[in-house]
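Dear colleague,

Please find below the structure that I am handing over to you.

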Amino acid sequence: MKKDLKAFTSKTNEKELNKLNLIINNKLEGSIIVTVFAHIFSDAPHNIPGLIFDDFYDWFISTVESLSNNKNVILIIKEHPSANLYVQEKDLVSKIVKNNFKEDNIFIANNIQSNILIDKSDFIVTASGTVIYESIYKEKNVIIASKRTFDIDNLVYDFSSKNEY
């Protein structure tokens with residue numbers, strides 16, 4: 001049991017946090033910090049109300065492609081905290097980014113706690129999940145790729161199609 005709990009009680013790697021702080025402190029005026037909170041790709045994407053993508057992989061690729069091409073975005077990506085519990089998911093986010101995108105404008109933050117990333121971000125992007133509520137609590141803007149199941153205007157943005165997203 002102790003081993004399983006470790007996946008949910010991650011500590012922040014100070015070296016990784018210092019690197020992130022350096023990136024943020026040297027950002028250009030007008031830049032925004034966007035953190036994408038990834039999902040378990042093999043988890044049940046078809047159970048998410050109103051998901052506008054075929055699955056979490058389709059969502060992730062489309063989202064990272066769009067954001068990484070925007071020169072005003074400092075893109076941070078965090079793997080799902082329980083990815084280590086799935087053999088095929090461990091470090092999959094990093095591998096997908098490495099194989100599909102230029103890594104020079106993408107910061108993988110798997111070893112920084114979610115609450116710290118939320119605090120440092122201007123926008124949070126996710127398909128669904130509890131990170132939405134954590135971000136709302138901290139009054140952060142949240143972009144979701146599924147149907148909004150609550151009514152909080154001006155903080156959470158949902159869309160009805162991929163093009164609108």
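Two strands are said to pair if DSSP finds at least two bridges between them. Strands (E, at least two residues) and helices (H or I, at least four residues) are themselves DSSP runs, numbered from the N terminus. Please note that this is a predicted model, in which local features need pLDDT of at least 70 and side-chain atom pairs count only at pLDDT 80 or more, while totals for chains, interfaces and linings use all residues. Residues are numbered from 1 along each chain as its sequence is written, and side-chain values use heavy atoms, with hydrogens and water left out.

The sheet

β1 and β2 run parallel and are joined by six bridges; here Ile 32 stands opposite Val 73 of β2. β1 also pairs with strand β4 (residues 123-126), again in the parallel sense, over three bridges. Val 36 has Val 125 in β4 as its bridge partner. β4 is in turn joined by four bridges to strand β5 (residues 141-144), and these two run parallel. Within β5, Ile 144 is the bridge partner of Thr 126. Between β4 and β5 the chain passes through helix α6 (residues 131-137), and this β-α-β crossover is right-handed. That term applies if, with the strands pointing away from the viewer, the path from the first strand over the helix to the second runs clockwise.

Taken as a whole, the open sheet has six strands in the order β3-β2-β1-β4-β5-β6, with parallel pairing. β3 and β6 (156-157) are at the edges with a single partner strand each, so one side of each has no neighbour in the sheet.

Helix α2

Helix α2 (residues 14-25) has twelve residues and reaches 16 Å from its first C-alpha to its last, close to the expected 16 Å. The expected span is 1.5 Å times one less than the number of residues.

Which residues of α2 are buried? They are Glu 16, Leu 17, Leu 20 and Ile 24, where buried means under 20% relative accessible area, exposed over 50%, and partly exposed in between (1.4 Å probe, protein chains only). These residues lie on the same side of α2, because they cover an arc of only 100 degrees around the axis; the arc is that of the directions from the helix axis to the C-beta atoms. On the other side of α2, Glu 14, Lys 15, Lys 19, Leu 22 and Asn 25 are exposed. The buried residues of α2 pack against β1 (32-37), β2 (73-78), β3 (106-108) and α5 (114-120).

Individual residues

Asp 58 lies in helix α3 and counts as buried, at 18% relative accessibility. Leaving aside residues up to four places away in sequence, Asp 58 touches Phe 53 and Lys 162, contact being heavy atoms within 4.5 Å.

Most residues other than glycine have a negative phi. Asp 91 is in the loop between β2 and α4 (92-100) and is partly exposed, with a relative accessible area of 32%. Glu 139 is in the loop between α6 and β5 and is exposed, with a relative accessible area of 64%.

Yours sincerely
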